[in-house]
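Hi everyone, thanks for coming.

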Amino acid sequence: MLREITLGQYYPVDSLIHRLDPRTKLFGTLVFLVSLFLSRNIWGYLLATAVLTAVIRMSQVPFSYMIKGLKAVVILLLISVSFNLFLTSGEVLARFWIFSVTREGVRMAGFMAVRLIYLILGSTIMTLTTTPNALTDGLEKSLGLLHKIGVPVHEISMMMSIALRFIPILVEETDKIMKAQMARGADFESGNLIQRVKAMVPLLVPLFISAFRRATDLAMAMEARCYRGGEGRTKMKPLHYSGRDHVAYGLMLTYLSGIVILRYL
Amino acid sequence: MAIKVEHIDHIYGAGTAFAQYALRDVNFTIEDGEFVGLIGHTGSGKSTLIQHLNGLLRASNGQIYYNGECIYTNDYDMRALRGKVGLVFQYPEHQLFEADVFSDVCFGPKNLGLSKEEIDARAREALGQVGLDESFYRQSPFELSGGQKRRVAIAGVLAMHPEVLILDEPTAGLDPKGRDEILEEISELHRKKGMTIILVSHSMEDIARYASRLLVMNQGEKVFDGTPKEVFRHYRELEAMGLAAPQITYIVHELQERGVGIPQDLTTVEEARDAILQAWKGK
């Protein structure tokens, strides 16, 4: 059930993508996301598809595993697609009741669906191939400049890494509480919408309590080990770029220029 | 025959890089009215195993029968099974959610679709069985002590009137007094109501005192199945699995090696005391 959310769960295999510097992967993801919004025609998306497929292949993460993350956003996807489908004005293709489907609407909805799916796949690749720790290290380093203008970069990245770290724990906790309530006869799978929402109470209350308990415990444990934030803190394993990272940056720039050229085709 | 487990395997994360056997070809039958102790090192598959017995987890291979009926047939009523095979999880107090103790205990019987009076009566009875009186009924479960919370949670399962009660480390994290009280209450349910009990525990002393039969799990497989005396005779093998026999077993063996004439298979302090006194008088 809930175990199917893959966002923020590292998949441990040793692939070329796994070995890249986290900063490279962060930048690569950013480039990919930007490219999705730059593309205006089918050629841009074809190029993005090719690149995405290649990266997924190289990451050695089973595609079926990656797809699981998509299930969680199906609703969001449907809503945005139908909004685009029905609410875009233009040349009318079909009409029923107060809705009309236009040529532009179909086009927009299609692009929107592809865009959202690729957006999620792109960021899922990053989180599946990078440990949460490496990810926040990379983020902290990449955003280091912002620190100079007073942005608490270290604190933000620490919060992010804790949040990421807690996703699997909370998923596990949810699973446990769900089972405990099912052992007491709770039913999470049948009934109408109102019954189902009501059935969530025995799950959510203990879950919130445990989340708060974990948060205070963690804060206490960090303070007990004299944690006091980023000032003067050094890394045990500082990040270093290697040859493959330079190659990756080169490929990313090539890809981005390709997308820009295709945009004006 | 209450529960019969036939050749069950459980594989976690089948088909991914994380795939691993949590259970491998496990077989046993638990008869009505037995008090079974289930022991094993952390990660030996105990918790996975007990979740199969009330259908929360489904075995990858193999069959489980409850009172002769296979629980994996399509029209088997899993919710009814969960009412009959009560499962108290580790740290059950984490499942409490209601505004007061009484309503929380009512959750289980309410899910069984009973009448208001019946629910009330069962909740009172269950709270009585775990030694909580009326002064607790309207308190918030979150303001109770650890031991009291745990009793409320156990009462929540008892109120469903299970025929088999499975408890996963019911005494973890409790002080010695709270531990003894809870174990006494469980043993009373066994003696007076004839309830079948499966107790998962790390404490060999507790197991030796209460259980009449022991199942030992190691790395997903059942390695020993017998009376505590039979199982603790293998104390060297148990040690190799990261387990141990009750401390008194070691003293008994030591005494024997030094030539004191007492039987070898003593597992509780009381038995050993009597045997030692007898040997002393016989001198």
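Before the first number, a word on method: accessible areas come from the Shrake-Rupley method with a 1.4 Å probe, and for residues only the protein chains shown count as cover. On that basis, chain A has an accessible surface of about 15800 Å², and 70% of this belongs to carbon and sulfur atoms.

Two quick notes on the ground rules. This is a predicted model, in which local features need pLDDT of at least 70 and side-chain atom pairs count only at pLDDT 80 or more, while totals for chains, interfaces and linings use all residues. Residues are numbered from 1 along each chain as its sequence is written, chains are lettered from A and ligands numbered from 1 in the order in which they are written, and side-chain values use heavy atoms, with hydrogens and water left out.

Now the overall picture. The C-alpha trace of chain A spans about 65 × 55 × 40 Å along its principal axes. Its secondary structure comes to 10 helices and two strands; here helices (H or I, at least four residues) and strands (E, at least two) are DSSP runs, numbered from the N terminus. In sequence order, the pattern of chain A reads α-α-α-α-α-β-β-α-α-α-α-α.

How is chain A divided into domains? Domain 1 takes 1–130 + 240–265, and domain 2 takes 132–233, with bounds that come from an automatic or database domain assignment. Over C-alpha atoms, the centres of domain 1 and domain 2 of chain A are 26 Å apart.

What about contacts, meaning heavy atoms within 4.5 Å? Of the contacts in chain A between residues at least 6 apart in sequence, 76% join residues at least 24 apart.

I'd like to finish on one residue, Glu173(A), which you can find in helix 8 of chain A. Is Glu173(A) buried or exposed? Glu173(A) is buried, because its relative accessible area is 3%. And which residues does Glu173(A) touch, leaving out those up to four places away in sequence? In chain A, Glu173(A) touches Leu207(A), Ser210(A), Arg213(A) and Arg214(A), and from chain B there is His94(B).

Technical notes: Buried < 20%, exposed > 50% of the residue type's maximum accessible area, 1.4 Å probe, protein only. Contact = heavy atoms within 4.5 Å.
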